[in-house]
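Here is a friendly walk through one protein model, written for reading beside the sequence and the 3D view. Please keep both open as you go.

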Amino acid sequence: MRIMLSWIISLNKAQKRRVMMALDGVIVPFALTFAFVVFDLPGGLGANLYSYLPVLPYMIAAAVGISVWIGISDIQVSGYEASAVGLTAVYGILLTIASLTFSDIAGLDLPVGLHMTFGVAFFCMAVASRAVILQVVLAVYRNNADCCRVLIYGAGVTGAHLVSALRGHQTIEPVAFVDDNKALQGMTVARLQVYTPVRIAELVKEMQIDRVLLAVPSLSRPKQAQIARKLEKMGLEVQTLPSFSQLIGEKTLVDRLTPVSARNFLGRAEVEHPLGDARSTYAGKVVLISGAGGSIGSELCRQVLDCKPAKIILFELSELGLYQIDMELRNIAEQEEIPVVIMPVLGSVTDSRQVRKLLTVHGVQVVLHAAAYKHVPLVEANPLTGLVNNVFGTQTLAEQAAKAGVERFMLISSDKAVRPANVMGASKRLAEMVVQDLARRTNGGTVFSMVRFGNVLGSSGSVVPLFQEQLSRGGPLTVTDKGVERYFMTVQEAVQLVLQAAGISRGGEVFVLDMGKPVPILQLARQVIESAGYEVRDTDNPDGDIEIEITGLRPGEKMVEELTLSNDIIGTIYPKIFSTREEGLSQIEIASALRGLREAFIASDEDMAREVVRRWVEGFQETISKVEAS
């Protein structure tokens with residue numbers, strides 16, 4: 001029997017259709033026999049059946065023909081529901097008419113009631129045979145080791161419908177419900193017992209449950225995520241069933257599922273800064289953008305492209321980042337018919353030979369240097385790598401730019417370079433001092449400058465995408481300290497100001513951007529939660545959706561960042577751009593600092609590298625030791 005069922009399961013659609021037609025043909029004589037037994041006509045059962053034999057082949061042919069005509073044979077047993085039962089009733093009526101017709105033609109004097117009994121018997125046998133086949137096939141599947149036994153979390157309407165759907169599934173078997181509603185606990189829903197969620201661990205062991213399906217769409221997504229995390233800790237696979245409203249795309253729910261744009265958390269109106277005359281700095285020029293695949297670098301590429309340069313060189317270490325920005329720029333250039341050469345270059349700013357060739361062969365006129373390792377905890381844990389890339393990469397690119405006669409060189413720096421409390425900030429300050437030294441030594445040559453600003457909303461690794469990702473998991477949102485504040489700009493604002501600053505540079509300036517007032521990170525976390533339609537869960541609101549957890553300052557993190565080493569800032573022709581002159585190291589001191597870093601790198605000595613930084617970077621004081629940071 002099991003071998004035969006396995007054979008049936010392996011059949012294709014056409015073969016299964018022929019099997020079902022044969023089944024209906026076999027049912028016909030059984031239904032007729034039942035009808036003759038019920039009516040008990042004179043002459044006995046055998047004689048009456050024998051008299052009907054000439055009609056039987058025509059009835060079997062009619063059964064097969066009607067089955068194909070009305071499509072009964074095409075209905076799979078797993079999809080045999082109310083509509084299919086109704087179609088089978090029509091099938092039985094048509095066979096009743098056929099039996100009556102063929103009997104009259106053959107001259108058989110049979111009562112009409114016998115033909116009607118035959119039709120009813122055929123209908124019942126056809127429906128019953130399919131139900132039996134379905135249950136037997138499902139039993140074979142469920143006895144298989146690959147069968148998945150599931151527990152349904154939620155015994156409401158959604159859960160009941162889910163069980164009905166799964167009962168026709170070949171490899172999934174619903175075994176029980178759990179529900180928080182005490183009124184449902186102990187009851188039977190869709191022929192399954194409803195238990196309290198407290199017993200889940202016990203049920204998993206007793207019933208050999210493999211998976212839990214959350215059928216509670218009325219709960220908020222964070223609460224569903226909290227339940228899912230608890231179940232996953234038990235080693236269970238958890239899946240969530242969406243509500244009907246989510247499936248049809250109800251607008252309010254779609255809005256909740258779509259992350260809110262980072263710029264909505266700016267705390268002020270986003271300011272547009274049209275490039276104006278600054279466009280001439282890039283129009284018709286050959287522009288090299290290092291770190292072109294990063295958040296800031298890619299936006300630099302977009303806005304420089306809008307200035308219609310002759311050529312953009314995309315210099316990037318990440319293959320994926322380079323591919324994405326290259327494809328994006330080519331699409332924009334094609335759609336807007338911008339006559340520009342776009343050249344993607346995969347490489348590192350620390351490779352002096354590659355950098356020299358790029359600058360000289362292509363006649364680069366403007367360099368926008370955004371390539372850097374900028375994630376504070378990662379650089380704190382990998383100080384040598386961060387220092388080499390950020391300091392020696394800047395030195396290599398800047399020195400080769402001066403030798404190649406590049407017109408302008410702009411370093412994209414960070415507010416973390418001011419009295420840094422971490423290696424990343426210190427590396428950016430050393431990079432600034434390298435550029436300041438070159439600016440002093442290249443009279444009338446390359447115009448070197450740098451721009452310093454704070455956090456960019458929505459950039460890779462920034463706090464808003466992190467909060468939104470934590471929110472999607474059901475929280476908590478992590479804030480390092482209640483008093484932490486940061487300056488924020490959108491990437492579009494920052495890049496517009498960077499391009500304007502490069503255009504007005506005369507050499508050696510440190511430009512700082514007006515970023516408004518610093519924003520408390522705790523306040524930002526609350527905004528992210530509330531913007532998604534949820535409530536903050538705290539002591540004042542214990543029934544809220546999402547908790548904010550204070551984790552403590554990370555390695556090298558400051559409470560509040562600064563933008564300048566002094567308050568001596570000078571306005572420019574752009575109201576949001578200021579410049580400041582800061583004392584750097586002399587040429588001899590820079591050479592000594594770089595020599596010390598190179599020796600530390602060669603020796604792979606982190607302590608030596610930190611000592612060099614501590615000696616030469618003003619205000620550098622690590623907040624956490626390297627051991628703790630790692």
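## Salt bridges

The count of salt bridges is 18, where a salt bridge is a side-chain nitrogen of Lys or Arg within 4 Å of a carboxyl oxygen of Asp or Glu. This is a predicted model, in which local features need pLDDT of at least 70 and side-chain atom pairs count only at pLDDT 80 or more, while totals for chains, interfaces and linings use all residues. Residues are numbered from 1 along each chain as its sequence is written, and side-chain values use heavy atoms, with hydrogens and water left out.

One of the pairs is glutamate 328 with arginine 302, whose closest N and O atoms are 2.5 Å apart. This pair links distant parts of the chain, since glutamate 328 sits in helix H13 and arginine 302 in helix H12 (residues 295–306), 26 residues apart. Helices (H or I, at least four residues) and strands (E, at least two) are DSSP runs, numbered from the N terminus. Glutamate 328 is partly exposed, at 28% relative accessible area, and arginine 302 is also partly exposed, at 27%. On this scale, buried means under 20% relative accessible area, exposed over 50%, and partly exposed in between (1.4 Å probe, protein chains only). A network of salt bridges links Glu299, Arg302 and Glu328.

Arginine 440 pairs with aspartate 437 at 3.7 Å between the closest N and O atoms; both residues lie in helix H17 (residues 423–441), three residues apart, or about one turn of the helix. Here arginine 440 is partly exposed at 42%, whereas aspartate 437 is buried at 4%. Lysine 416 and aspartate 415 also form a salt bridge, with closest N and O atoms 4.0 Å apart, and both of these residues are buried.

## The nine-stranded sheet

Look next for an open sheet of nine strands with mixed pairing, in the order E9-E8-E7-E10-E11-E12-E17-E22-E21. Two strands pair if DSSP finds at least two bridges between them. The edges are strand E9 (341–346) and strand E21 (570–571), each pairing on one side only.

E7 and E8 run parallel, paired over five bridges, and leucine 288 stands opposite isoleucine 313 in E8. How many of the five residues of E7 are buried? Five of the five are, so E7 is largely enclosed by the rest of the structure. Val286, Leu288 and Ser290 cover one side of this picture and Val287 and Ile289 the other, with all of them buried. Elsewhere, E17 (residues 510–513) and E22 (residues 577–580) run antiparallel and are joined by four bridges; phenylalanine 511 has serine 579 in E22 as its bridge partner.

## Helices on the sheet

Helix H13 (residues 319–335) lies across strand E8 (311–316) and E9, at about 175 degrees to E9. Helix H14 (residues 352–361) also packs on the sheet, touching strand E7 (286–290), E8, E9 and strand E10 (366–369), with its direction at about 170 degrees to that of E8. Axes are lines fitted to C-alpha atoms, for helices over the stretch in contact, and angles run from 0 to 180 degrees between N-to-C directions. Contact means heavy atoms within 4.5 Å.

The axes of H14 and helix H16 (residues 383–403) come within 9 Å and cross at roughly 35 degrees. At this contact, Ser352, Val355, Arg356 and Leu359 in H14 meet Thr396, Leu397, Gln400 and Ala401 in H16.
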